[in-house]
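Colleague: I am new to reading structures. Could you walk me through this one?

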Amino acid sequence: MFLTIVEETEELNNEIKKVETDETLSKKQKEKKLKSLELKKEALLKRGVDLNTAIKEGLDPDLSSQEQEILDKWKKQDP
């Protein structure tokens, strides 16, 4: 999960850089696209924080059953 979040954040950062340097966009178009990308980035960062908190607590509704099994196994090995 963390890897996916990091990869998606990196992709958004790259998109943001492209928009910032795109000379074909008007100022208004840039602002609109950048705002949208920043909101997506903020949501991803929040998801990362939420995931970290949930993992520390041993919970996360978005974890697959395989991921949950791994967490349960780790928990048993190191309570």
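Colleague: Leaving aside neighbours within four places in sequence, which residues is T9 in contact with?

Modeller: One caution before that: this is a predicted model. Here, T9 is in contact with K41, L44 and L45, once its neighbours within four places are set aside. T9 itself lies in helix α1.

Colleague: Is T9 buried or exposed?

Modeller: Look at the relative accessible area. Under 20% counts as buried, and over 50% as exposed. T9 has a relative accessible area of 10%, so T9 is buried.

Colleague: Let me step back. Which elements does the protein chain have?

Modeller: Three helices and zero strands. From the N terminus on, the order is α-α-α. Buried residues make up 23% of the 79 residues in the chain.

Colleague: How far does helix α1 reach from its first C-alpha to its last?

Modeller: Compare the span with the expected one, at 1.5 Å a residue. Helix α1 covers residues 2-21, which is 20 residues. It reaches 29 Å, close to the 28 Å expected.

Colleague: And α2, how does its reach compare with the expected value?

Modeller: Helix α2 has 31 residues and reaches 45 Å, close to the 45 Å expected.

Colleague: Which residues of α1 are buried?

Modeller: Start with the general idea. An α-helix has 3.6 residues a turn, so residues three or four places apart point the same way. Now the case. The buried residues of α1 are I5, T9, L12, I16 and V19. They lie on the same side of α1, because they cover an arc of only 80° around the axis.

Colleague: Which residues are exposed on the other side of α1?

Modeller: There you find L3, V6, K17, K18 and T21. Take K18 as an example. Its relative accessibility is 61%, so K18 counts as exposed.

Colleague: What do the buried residues of α1 pack against?

Modeller: They pack against α2, residues 27-57. Now read it from the other helix. In α2, the buried residues are K30, L37, K41, L44, R47, G48, L51 and A54. What covers them includes α1.

Colleague: K41 is on that list. Which residues does K41 touch, not counting those up to four places away in sequence?

Modeller: K41 touches T9, L12, N13 and I16. Look at the side chains next. The side chain of K41 makes a polar contact with the side chain of N13, at 2.8 Å.

Colleague: Which side chain of opposite charge is nearest to K41, and how far away is it?

Modeller: It is E38, 4.8 Å away. A salt bridge needs the nitrogen and the carboxyl oxygen within 4 Å. K41 is buried yet has no salt bridge.

Colleague: How many salt bridges are counted, then?

Modeller: The count comes to one. The side chains of D50 and K46 meet in it, at 2.8 Å from N to O. Both residues lie in helix α2, four residues apart, about one turn of the helix. D50 is partly exposed, with a relative accessible area of 34%.

Colleague: One last feature. What share of the contacts with a separation of 6 or more comes from residues 24 or more positions apart?

Modeller: In this protein chain, those residues account for 50% of such contacts. K18 and L34 are 16 residues apart along the chain, and their C-alpha atoms are separated by 10.0 Å.

Terms used: Residues are numbered from 1 along each chain as its sequence is written. This is a predicted model: local features need pLDDT of at least 70, side-chain atom pairs count only at pLDDT 80 or more; totals for chains, interfaces and linings use all residues. Side-chain values use heavy atoms; hydrogens and water are left out. Helices (H or I, at least four residues) and strands (E, at least two) are DSSP runs, numbered from the N terminus. The expected span of a helix is 1.5 Å times one less than its number of residues. Buried means under 20% relative accessible area, exposed over 50%, partly exposed in between (1.4 Å probe, protein chains only). The arc is that of the directions from the helix axis to the C-beta atoms. Contact means heavy atoms within 4.5 Å. Lys and Arg count as positive and Asp and Glu as negative; His and the chain ends are not counted. A polar contact is a pair of N or O atoms within 3.5 Å; within protein, one must be able to donate a hydrogen and the other to accept it, and residues adjacent in sequence count only if both atoms are side-chain atoms.
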